[in-house]
Amino acid sequence: MENTEKRPVVLSCIQPTSIPTLGNYLGALKNWKEMSRSNDCLYAVADLHALTVHPEPSKLRAQILEMYAILLAVGLDPEESIVFIQSHVPAHAELAWILNCYTMFGEASRMTQFKDKSQKHADNINVGLFDYPVLMAADILLYQANFVPIGADQKQHLEIARDIAERFNNLRGNTFTLPEPYIGKLGAKVMSLQDPTQKMSKSDPNPKASISILDTPDVIMKKFKSAVTDSEAVVRYGEGKDGINNLMAIYSCCTGLDFEKIESEFAGKGYGDFKVKVAEAVIEELRPVRENFDNLMKDKDYLLRTAAEGADKAARIAYRTLAKAKKKVGLLSVN
Ligand code: TYM
């Protein structure tokens, strides 16, 4: 991927902590694939970020490869985009250290995800959890990314990445491109099916609350049938209708229909009919992903080889930026 035509650079990453949910898919992965057609894209499995919650090592190793397979299964083409595993490019950790020295304690303390995670993991508030957004800034800035496709929950992390880049550029001269978030209008915040005021999350203990992108059609249908709605029994977008709003957004993302068309399609029909249609649309959307994933997991050598090639391509770009940053801060080079 030589940047001869100067197409915009797009980068994003996903943690391998568990199989992605429909939220990760509609909020991020689906956009990754769409953006890969007209941009120079890099997509990575953020395995270093996953270490902050102390996953069981052998389980993590398996999950990293599974997540890599999922990235290919959703339709990312490793010939067209650079698809790699973060820890295979050591420049990420190196630049993160340099950026640590350009990040203020106060600004990192304001990250809402750090506050939430500290509450959830009160017995393990490690420095990595605190430093998480700086490593994320390194992921982005190493590749001079113009756009970062993410769900709404990562917006604050993008803002701090920009602030760090700006501070560095002001103090040491222009080094990093300032990245912009790319947040889709719909699907940016897919909500829990059981409590539609909360975001759909991989870590939700209630299995009915979230759809895994590898769930079977039966399971998907059951989960949508038990989705929490309201008592009005009218399919329309509105205040106080979080459950229906969420189902309408999901349906819209999968079918391309706008809210007006959805409201007229279900005029006079009950929630039962609507839930079945939403489930069917999601089943069709995810069917190829599950099939591709099953096939890819049969050939682990291919996955490892492709991941290694992706890391080589990423490293070539990353080391150019790292060398520039090292020089700017005054580190001595011997070559
Ligand atoms: P992660 O692994 O938690 O989530 C991956 C992507 O999925 C989006 N997302 C959602 N979108 C809509 N609705 C939801 N319910 C939902 N839940 C999750 C997230 O916003 C994200 O885009 N820190 C990042 C990984 C990361 C990264 C980066 C991202 C590491 N380095 C550099 C961008 C650039 C994370 O934990 O995402």
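A: Start with the elements around the ligand: strand E1 (9–14), helix H1 (22–35) and helix H7 each supply at least two residues of the shell. Helices (H or I, at least four residues) and strands (E, at least two) are DSSP runs, numbered from the N terminus. This is a predicted model, in which local features need pLDDT of at least 70 and side-chain atom pairs count only at pLDDT 80 or more, while totals for chains, interfaces and linings use all residues. Residues are numbered from 1 along each chain as its sequence is written, and side-chain values use heavy atoms, with hydrogens and water left out.

Q: How many residues surround the ligand, and which are the closest?

A: A residue is near a molecule if one of its heavy atoms lies within 4 Å of it. Here 26 residues surround the ligand, and Tyr132, Asp139, Gly151, Asp153 and Val190 are the closest. By class, 13 are nonpolar, nine polar and four charged. Ala, Val, Leu, Ile, Met, Phe, Trp, Tyr, Cys and Pro count as nonpolar, Asp, Glu, Lys and Arg as charged, and the others, Gly among them, as polar.

Q: Which polar backbone atom lies 2.8 Å from a nitrogen atom of the ligand?

A: The backbone atom in question belongs to Val190. A polar backbone atom of Gly151 is 2.8 Å from an oxygen atom of the ligand, and a polar side-chain atom of Lys202 lies 3.3 Å from a ligand oxygen. The protein buries 97% of the 720 Å² that the ligand exposes when taken alone; such areas come from the Shrake-Rupley method with a 1.4 Å probe.

Q: How many aromatic pairs does a search of the whole structure find?

A: A pair of aromatic rings is described by the distance of the centres and the angle of the planes. Rings of Phe, Tyr and Trp (its six-membered ring) pair if their centres lie within 6.5 Å; planes under 30 degrees apart count as stacked, over 60 as edge-to-face and the rest as tilted. The search finds ten pairs. In one of them, the centres of Phe84 and Tyr143 are 5.9 Å apart and the planes stand at 55 degrees, so the pair is tilted.

Q: Are Phe84 and Tyr143 buried or exposed?

A: Buried means under 20% relative accessible area, exposed over 50%, and partly exposed in between (1.4 Å probe, protein chains only). Both Phe84 and Tyr143 are buried.

Technical notes. A polar contact is a pair of N or O atoms within 3.5 Å; within protein, one must be able to donate a hydrogen and the other to accept it, and residues adjacent in sequence count only if both atoms are side-chain atoms.
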